[in-house]
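Please read them with the model open.

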Amino acid sequence: MTSPSTPPGLARFNTVEEHAARVALHEACASTAWAKRLLAARPYATPEDLYAASDAAMADLTVTDLEEAMAGHPPIGRPKAGDPTSAREQRGISGASDALKAEMLELNLAYQERFGHVFLICATGRTGEQMRDAVRERLGNPPEREREIVRTELGKINRIRLARLVEED
């Protein structure tokens, strides 16, 4: 189902042994249900087919599945040590002032206390100030609304990570 124009990473993902594909997907998203659904639909003709499958799987995740996916994400301002993906995605906060980092820590804790999980946002391309403003705004959301925002943000993160996967040489 791949063609000469299939990006090398997508061609590899389509043909690699299932365990290796599962590991690659887990690096993109910690949800087992999401990964199972994407694995079951292999091979993908185009990156867009993979992204559409990801979006559909994300839309169907249960609350428990979302919690599992969120558990794979470190708090904003504290990327996982030794994890280049986490550090790259949170670049906007890494150069922030100590005052902004301290404020984000406080806001992260308040958010986690209110919602029971880390504040999740697609941080790629956002400044520290934009992330701070987003957590401030979202602290006032009802839990149901916040869960759907988290679902949307996870979908954006997954697309970025899948794009990196399919374009790899």
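1. α2 passes α10 in a right-handed crossing; a crossing is right-handed if the near helix is turned clockwise from the far one by less than a right angle, and left-handed if anticlockwise. Helix α2 covers residues 18-28, and its axis lies 9 Å from that of α10, at an angle of about 140°. That makes α2 oblique to α10. The contact (heavy atoms within 4.5 Å) joins A24, L25, E27 and A28 of α2 to N158, R161, L162 and L165 of α10. Its residues divide into five nonpolar, one polar and two charged.

2. On the basis of these values: this is a predicted model, where local features need pLDDT of at least 70, side-chain atom pairs count only at pLDDT 80 or more, and totals for chains, interfaces and linings use all residues. Residues are numbered from 1 along each chain as its sequence is written, and side-chain values use heavy atoms, with hydrogens and water left out.

3. On terms: helices are DSSP runs of H or I with at least four residues, numbered from the N terminus. Axes are lines fitted to C-alpha atoms over the stretch in contact, and angles run from 0 to 180 degrees between N-to-C directions. Angles under 35 degrees count as roughly parallel, over 145 as roughly antiparallel, 65 to 115 as roughly perpendicular and the rest as oblique. Ala, Val, Leu, Ile, Met, Phe, Trp, Tyr, Cys and Pro count as nonpolar; Asp, Glu, Lys and Arg as charged; the others, Gly among them, as polar.

4. How do α4 and α10 pack? Their angle is about 155°, with the axes 10 Å apart. The two helices are therefore roughly antiparallel to each other. Their crossing is right-handed. From α4, the contact takes in P47, L50, Y51, A52, S54, D55, M58 and A59; from α10, R151, L154, G155, N158, R159, L162, A163 and V166.

5. The crossing is left-handed. V63, L66, A69 and M70 of α5 meet R147, V150, R151 and L154 of α10. Six of these residues are nonpolar, none polar and two charged.

6. Check the R42 to P43 peptide bond: it is cis, with omega near 0°. P43 sits in the loop between α3 (32-40) and α4 (47-59).

7. The second largest pocket has a volume of about 200 Å³. Of its 13 lining residues, E67, M70, F115, H117 and R147 are the closest to its centre. α5 (63-70) and α10 (143-167) each supply at least two residues of the lining. The lining comprises eight nonpolar, two polar and three charged residues. A pocket here is an open set of points on a 1 Å grid over the protein atoms alone, where a 1.4 Å probe fits, with protein on both sides within 12 Å along at least five of seven lines; lining residues have an atom within 4 Å of a point. Points are joined across faces, edges and corners, and the volume is the space filled by probe spheres set on them.
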